[in-house]
Amino acid sequence: MATPETPAARPVVGIIMGSTSDWETMHHAAELLAELGVAYESKVVSAHRTPQRLYDYAGSAAGRGIQVIIAGAGGAAHLPGMAAALTHVPVLGVPVESKTLKGVDSLYSIVQMPAGIPVGTLAIGKAGAKNAALLAAAILALSDPGLSERLQAWRAAQTEGVATDPA
């Protein structure tokens, strides 16, 4: 499986974020994908500071085998929408919590896409990053029986881990 440390397998999920500080949130998606055996790559791709990098990344994603993009962004959060505008690969947006408005600004920026440019928008922060990984895995599992089994096992283990009694 491809991870930033072991690029042996061809990545099928791209995790992109607007800045290195977003990794604090987005590493949760990477860890869950790794746990499920899904090859991924992670890159810093800022819609505002590195627009050509964004054009190049999104424009080449499908041709490089990327089947789902998870895009995390804070503040104005244009990255997921711009990526979706530049590729036909499904884009899942993760609003990164901001200091000023606690991620609500990011959520509104990502969720309010115009008709014709869809971005699947998840929760703010860690929960959103984890759910983006699970949703990406579910999308990929439609054509990957092994991943489907791993995902079902992960969900079953999660269910079994819930206590019956509160104390």
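Biologist: How much space lies in the largest pocket?

Modeller: Rolling a probe the size of a water molecule over the atoms shows where empty space is left. Here, the largest pocket holds about 470 Å³ of space. A pocket is an open set of points, on a 1 Å grid over the protein atoms alone, where a 1.4 Å probe fits and protein lies on both sides within 12 Å along at least five of seven lines. Grid points are joined across faces, edges and corners, and the volume is the space filled by probe spheres set on the points.
This is a predicted model, in which local features need pLDDT of at least 70 and side-chain atom pairs count only at pLDDT 80 or more, while totals for chains, interfaces and linings use all residues. Residues are numbered from 1 along each chain as its sequence is written, and side-chain values use heavy atoms, with hydrogens and water left out.

Biologist: Which residues lie nearest the centre of the largest pocket?

Modeller: Lining residues have an atom within 4 Å of a point. There are 25 of them in this pocket, and S19, S21, D22, G74 and V96 lie nearest its centre. Helix 1 supplies the largest share of the lining, three residues. Helices (H or I, at least four residues) and strands (E, at least two) are DSSP runs, numbered from the N terminus.

Biologist: In what order do the strands form the sheet?

Modeller: Strands of a sheet pair through backbone hydrogen bonds, either parallel or antiparallel. Two strands count as paired if DSSP finds at least two bridges between them. In this model, five strands make an open sheet in the order 2-1-3-4-5, with parallel pairing. Strand 2 and strand 5 are the edge strands, each pairing on one side only. Strand 1 and strand 3 are joined in the parallel sense by five bridges, with G14 standing opposite I69 in strand 3.

Biologist: Is strand 4 mostly covered or exposed?

Modeller: A residue is buried under 20% relative accessible area, exposed over 50%, and partly exposed in between (1.4 Å probe, protein chains only). Five of the five residues of strand 4 (residues 91–95) are buried. V91, G93 and P95 point one way, and L92 and V94 the other way. L92 counts as buried because its relative accessible area is 4%.

Biologist: With which residues is L92 in contact?

Modeller: Contact means heavy atoms within 4.5 Å. Leaving aside neighbours within four places in sequence, the contacts of L92 include V68, I70, V119, G120 and A132.

Biologist: Which residues touch the most other members of the largest nonpolar core?

Modeller: A nonpolar core is a set of buried Ala, Val, Leu, Ile, Met, Phe, Trp, Tyr and Cys residues joined through side-chain atoms within 4.5 Å. The largest has 27 residues, and V13, I15, L33, L36 and I70 touch the most other members. Helix 5 gives the most to this core, with eight residues. Another core, of 19 residues, lies apart and has A58, A71, L79 and A83 among its members.

Biologist: By what distance are the C-alpha atoms of Y40 and I15 separated?

Modeller: Y40 and I15 are 25 residues apart along the chain, and their C-alpha atoms are separated by 7.1 Å. Y40 belongs to strand 2 (residues 40–44), and is among the residues that I15 touches. Y40 counts as buried because its relative accessibility is 5%.

Biologist: Where do A77 and K102 lie?

Modeller: A77 is in the loop between strand 3 and helix 3, and K102 is in the loop between strand 4 and helix 4. Phi of A77 is positive, near 50 degrees, in a residue other than glycine. K102, not a glycine, has a positive phi of about 60 degrees. A77 counts as buried because its relative accessibility is 3%, whereas K102 counts as exposed because its relative accessibility is 51%.
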